[in-house]
Amino acid sequence: MNTSDFLISVHDLKRQPGEMLAVERSFPNPERIGIDVIAIEPQTPLSIKGKVESVSTGVLASFTLRSEATGECVRCLDPISLPILATIQELYFYALPPDLDEDEELPQLITEERIDLLPPIRDAVILDLPLAPHCTEECPGLCPDCGEKVAENPSGHDHQRIDPRWAQLRNIAGIEEAGQ
Ligand SMILES: [Zn+2]
Ligand SMILES: [Zn+2]
């Protein structure tokens, strides 16, 4: 697994506020990004386009991420794919701000003159993905009786269902019949 494609050298910004560098790269996604039911799988093409600007406390990365998430419909289990287009902005600090609140999330840091775009990408993608993805808005899912896809046979799932109380009565009747 090679996540170094997400690393960007900010050496050329030379800590000069106002300096800027363009970022544009495409590569196969090195690791699964997403949630259980849907994710950008490894090897899925991924592209990043934007810029990194030098600010007084660090650098500000602003970019769009394009890729594709795949998973399955939670109702009918058909494979589905979702285009991913996320706009991401993240501030990376040279050092931890001294006025950081205890309960505040730790900010991203510039390490060895590089920034890592993967953590904010992971956060943005996870936030963007539907918790219950489905193939179509009106996907009827699977038949609770036979487990087949309702969409493939919309009228064929009128399974005879016997109310359990009636079933019991029938049993009793059956016993009486048998006893005669
Ligand atoms: Zn479905
Ligand atoms: Zn059925």
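Visitor: Hi! Which residues are exposed on the other side of α1?
Guide: In this predicted model, Pro119, Ile126 and Leu127 are the exposed ones there.

Visitor: And which residues of helix α1 are buried?
Guide: α1 runs over residues 118-128, and its buried residues are Pro120, Ile121 and Val125. Looking down the axis of α1, you would find these buried residues within an arc of 130°, so they line one face of the helix.

Visitor: Why would residues a few places apart point the same way?
Guide: An α-helix has 3.6 residues a turn, so residues three or four places apart point the same way.

Visitor: Nice! What covers the buried residues of α1?
Guide: Several strands do, including β3 (33-35), β4 (38-40), β6 (58-72), β7 (79-93) and β8 (108-109).

Visitor: New topic: how many residues are in the largest nonpolar core?
Guide: That core has 22 residues, and Ile40, Val59, Ala61, Ile115 and Leu117 have the most contacts inside it. Two or more residues each come from β4, β5, β6, β7 and α1. β6 gives the most, with 5 residues.

Visitor: What does Ala61 touch?
Guide: Not counting residues up to four places away in sequence, Ala61 touches Gly50, Val52, Gln89, Glu90, Tyr92, Ile115 and Leu117.

Visitor: Last one: where is Thr57 found?
Guide: Thr57 sits in the loop between β5 (45-55) and β6. Thr57 is partly exposed, with 14 other C-beta atoms within 10 Å.

Visitor: Which residues is Thr57 in contact with, leaving aside neighbours within four places in sequence?
Guide: Those are Phe93, Tyr94 and Pro97. Also, the C-alpha atoms of Thr57 and Ala95 are separated by 7.9 Å, with the two residues 38 apart along the chain.

Key
Residues are numbered from 1 along each chain as its sequence is written. Chains are lettered from A and ligands numbered from 1 in the order in which they are written. This is a predicted model: local features need pLDDT of at least 70, side-chain atom pairs count only at pLDDT 80 or more; totals for chains, interfaces and linings use all residues. A residue is buried if 20 or more other C-beta atoms lie within 10 Å of its own, exposed if 12 or fewer, and partly exposed in between; C-beta atoms are placed from the backbone. Helices (H or I, at least four residues) and strands (E, at least two) are DSSP runs, numbered from the N terminus. The arc is that of the directions from the helix axis to the C-beta atoms. Two residues are in contact if their C-beta atoms, placed from the backbone, lie within 7 Å. A nonpolar core is a set of buried Ala, Val, Leu, Ile, Met, Phe, Trp, Tyr and Cys residues joined through C-beta atoms within 7 Å.
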